[in-house]
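Q: Please take a close look at one part of this model and then show what surrounds it.

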Amino acid sequence: ILVFDYQSEWNTPFERRLVHPYQLVFDNGAWYLLGYAEERNGVRTFSLSRIKNIALTSTRFQLPDSWDYRSIHGNSFFGVFAGSESFHFKIKFLSEFALWATERKWANDQQVIELPDGILLEFTSSQYGKVIEFLLSKGSYAYPLEPPQLVKDWEWHVKEMNTHISV
């Protein structure tokens, strides 16, 4: 078991954590430790850049047989962070990105429907924030159809980005 000081949010004090380290994950340019946090009675994600004074204790632990990184992220593969609620997503990819999108595994339950001008990708995920981040990174080649909140959030971001364009 590891013991360390952790700053969960910027400008908050460091707190002492006792963690059973399960897995290291590299996501979006940063390293994260996934592990069981005794203080929180559950699996948590820790940014390595916000850990200090780390030490290995003499206490050993057994990795649960049921441990699967994907299970804490709703069986979808958009990176480290996930929410507590799962959503059913429908995203349309235009022809320019259709082949690229079909070559990837987004979630265990994903379905791809061929369309005359691209594809429709359907899947379930608890990684709402990562899905919208991904969607915005595809520019005009992908747009959301469901859930309704994703459509609203995506539209807001697109309109907000448009206000920063100067011609």
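Which residue in β4 does A37 stand opposite?

A: The residue opposite A37 in β4 is G42. This is a predicted model, in which local features need pLDDT of at least 70 and side-chain atom pairs count only at pLDDT 80 or more, while totals for chains, interfaces and linings use all residues. Residues are numbered from 1 along each chain as its sequence is written, and side-chain values use heavy atoms, with hydrogens and water left out.

The pair belongs to the contact between strand β3 (residues 30-37) and β4, which run antiparallel and share six bridges. Strands here are DSSP runs of E with at least two residues, helices are runs of H or I with at least four, and both are numbered from the N terminus. Two strands pair if DSSP finds at least two bridges between them. β3 and β4 are part of an open, antiparallel sheet of five strands, ordered β4-β3-β2-β1-β5. From one strand to the next, the twist averages 45 degrees (axes are lines fitted to C-alpha atoms, for helices over the stretch in contact; angles run from 0 to 180 degrees between N-to-C directions).

β4 also gives four residues to the lining of the second largest pocket, the largest share. A pocket is an open set of points on a 1 Å grid over the protein atoms alone, where a 1.4 Å probe fits, with protein on both sides within 12 Å along at least five of seven lines; lining residues have an atom within 4 Å of a point. The lining consists of Y6, S8, R17, R40, R44, T45, F46, S47, R50 and F81. Three of these residues are nonpolar, three polar and four charged (Tyr and Phe count as nonpolar, Arg as charged). The space in this pocket is about 150 Å³.

F81 leads on to K130, whose contacts are D27, N28, F78, G79 and F81, leaving out residues up to four places away in sequence (contact means heavy atoms within 4.5 Å). K130 lies in helix α2 (residues 128-137) and has a relative accessible area of 11%, so K130 is buried (under 20% with a 1.4 Å probe, protein chains only).

Helix α2 lies across β6 (87-94), β8 and β9, at about 10 degrees to β6. Those strands belong to an open antiparallel sheet of four, in the order β7-β8-β6-β9. Its edges are β7 (111-115) and β9 (142-146); each has a single partner strand, so one side of each is left without a neighbour in the sheet. β7 joins strand β8 (residues 118-125) through five antiparallel bridges, where I113 has L120 in β8 as its bridge partner.

Key:
Buried means under 20% relative accessible area, exposed over 50%, partly exposed in between (1.4 Å probe, protein chains only). Grid points are joined across faces, edges and corners, and a volume is the space filled by probe spheres set on the points.
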